[in-house]
Amino acid sequence: MTDSLTRPAPSDGSDQDPAGRAGHEDHPERVGFFTDTSVCIGCKACEVACKEWNAIPEDGLELTGMSYDNTRGLGASTWRHVAFIEQSKPLGHAQAAVDHTDVDVLALAAQGSATPPEQAAITPTTPGPPSPDGRTELRWLMSSDVCKHCTHAACLDVCPTGSLFRTEFGTVVVQEDICNGCGYCVPACPYGVIEQRPGDGRAFKCTMCYDRLGAGQEPACAKACPTDSIQFGPLEELRERAAARVGQLHEAGVADARLYGHDPGDGVGGDGAFFLLLDEPEVYGLPPDPQVTTRDLPSMWRYAGAAALALAGGLAAVFAGPRRAPAGRTRR
Amino acid sequence: MSTSDVTKGGIRGERPGREAEAGRGLRPGRRGRRGRRGEELMVPQAEFTSYYGRPVITPPSWQARDIAGYFFLGGLAGAGSVLAAGSHLTGRRTAARALKISSTVAIAGSAAALVHDLGRPERFANMLRVFKPTSPMSMGSWLLAAYGPAAGAAAVLDVTGLLPRTGRTATIGAALLGPAVAAYTAVLAADTAVPAWHEGYRELPFVFTGSAAVAAAGMGLMTAPPEENGPARRAALLGAAVETAAVRAMERRVGVVAETYRHGRAGRLMRAARALTALGALGAALPARCSRPAAAVSGAALLAASACTRFGVFHAGVASAEDPKYTVLPQRERLERRQAEQAGKPAEAERAEQA
């Protein structure tokens, strides 16, 4: 394990085998999540499945009043978080002003999911012109956020106890019996994922269901997702699937569709959990250009070394020069 | 029209939901909005967007009293050990003894603050479970494990007069480790995603060591007789100059994030630090050379100034983490700069080919 502990993350994204770097030999292939937000329906089954499977305690049952999102964000006791964004903006070429009076909904239901719009005669979540009372239609963006399991994970790099570690699957997991609650991983995470649990003190986050992976099962959230918005699998395969999907959406006119966290050349060496988004990342509460803070650590140590030497030199210099007796007193 | 039937083998003719044709529309192109350009014109770019104003990163859960207090005490101890060794070697016995004691008390207080801030204080020993250069906190733990006993031995052996040669070695050892103790805390803060700390990682170590020199000089002025406080007075001026310059350079460097150093609680603390530093430095330059009360007042002002700087930096960091603006705007700028560079590259290559 010493390799990943002593060597700061390379910044060129060339090293795409985090498990191997961490010293796992003959490890299984790296797995991850591809969260395709274009098919997320905001049901929060992932949140529930995650809480149930991982026995995460309740962390408040309050209403935020800001949207259907009463979870607020990821935290020590929220490892999946469904974001809800309301926008008066169309989704591709979708339209709202469609007359549905003659539609046989039972016949539509028999067609199953993914019925082509021409056949469905229904286009979902679309803004039209304002109605006479001034209300406008809006589109919903829904996205299930999760720990990104970065290729170069800042939380893991800065953990002083070795509690955070890289698994053989290339994921990042906290060892609850080691963590002493120093809280350093919390501000280190560029995505604001990991957090200390109030009343417990230790840091917690998504484990990508390490226990289920070990048993050959997919994580609970992906298993529970009814629309395949959360897809689990080998990261390479997910990246290919994601590229095809974004192409499909562009062709359909959804020019806003873009992948986020898929690029091994980004500031964290690519995410183990990446996304297809329909707007800028910050709209979903994601950083537009995240970077692993330890990328700059060698430079930080150099500046700190210079400052320490300057302090030693400066404070040595103040002893130079003749020792004068203060005015009005005689030298002892 | 295709239909799907439920059969023994599942639903026939069904396509996976993940291929849902979201956004396809009934009459593609009728609205005349095709391609990326049209979409972007629809919604003018706001200065920055966020998810209901919620922070992107999680602010540190550290207590200001513990962690900013540790930054202050660690600096006081580290720089104090250097002044103590200098005083020891130049025969300023009173100043040396006072600074050795203050460094020991300060580093003991630091350790107590650090353990107190842990979510699981009983597991503090896990800090020495690994030796991990990628974690400034791990390096700091090892540094404190070496520095603490050295500073303690220097003080105890000075006060008791036992083992003078060992005492001298401990004094020098503490003086060699002291600057590292004072400087590494800047890396501890900067090695996070907190914009006010990370963006200023080049200057922050100088802010911290300057502030440490100011604190140690203040302690020297408060405790040493005027005939021994020459080095402390000069250290006060030097530290004040370095700290003031470094804070300015850092505020220029961090761009929009500098607001967090100028407004709110952090702004008040940084302004108080500037005023107290000026007062203390002025006192150190003029009356402290002959008047013990004046030296004590300047010393107290310098100590307070150093504490204000550390708490100011701490609160600026928390403020910069709590407002998504300071995470999103600098990253957006960086991203756009990089995209512009990448867009410029092919054009450059073309020009090079033609030439």
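A strand is a DSSP run (E) of at least two residues, numbered from the N terminus. The model used in these exercises is predicted.

**Exercise 1.** Find the element that holds A:Gln196, then decide whether A:Gln196 is buried or exposed.

*Solution.* 
Step 1. Locate the residue. A:Gln196 sits in strand S6 of chain A, residues 195-196.
Step 2. Recall the cut-off. A residue is buried if 20 or more other C-beta atoms lie within 10 Å of its own.
Step 3. Apply the cut-off. A:Gln196 has 25 C-beta neighbours inside 10 Å, so A:Gln196 counts as buried.
Step 4. Look at the partners. Leaving out residues up to four places away in sequence, A:Gln196 touches A:Ala76, A:Gly181 and A:Arg202, among others in chain A. Its contacts also include B:Ser61 and B:Gly119.
Step 5. Check a distance. A:Cys182 is 14 residues from A:Gln196 along the chain, and their C-alpha atoms are 8.9 Å apart.

**Exercise 2.** Identify the residues with the most contacts inside the largest nonpolar core, and trace the contacts of A:Cys185.

*Solution.* 
Step 1. Size the core. It has 191 residues.
Step 2. List the residues with the most contacts inside it. They are A:Cys155, A:Cys185, A:Cys189, B:Ala79, B:Ala213 and B:Ala216.
Step 3. Find the largest share. Helix H11 of chain B (residues 292-322) supplies 15 residues.
Step 4. Follow A:Cys185. Beyond four places in sequence, its contacts are A:Cys155, A:Val158, A:Cys159, A:Leu164, A:Ile194 and A:Ala203.

**Exercise 3.** Summarise the make-up of chain B.

*Solution.* 
Step 1. Count the elements. Chain B has twelve helices and two strands.
Step 2. Of its 355 residues, 55% count as buried.

**Exercise 4.** State how confident the predictor is in chain A, and where pLDDT stays under 50.

*Solution.* 
Step 1. Take the mean. Chain A averages a pLDDT of 86, and 81% of its residues reach 70 or more.
Step 2. In chain A, pLDDT stays under 50 over residues 1-14 and over residues 123-127.

Note on methods. Residues numbered from 1 in each chain as written. Chains lettered and ligands numbered in written order. Predicted model: local features only at pLDDT ≥ 70, side-chain atom pairs only at ≥ 80, totals over all residues. Core = buried A, V, L, I, M, F, W, Y, C linked by C-beta atoms within 7 Å. Buried ≥ 20, exposed ≤ 12 C-beta atoms within 10 Å, placed from the backbone. Helix = DSSP H or I, 4+ residues; strand = E, 2+ residues; numbered from the N terminus. Contact = placed C-beta atoms within 7 Å. pLDDT = per-residue confidence, 0-100.
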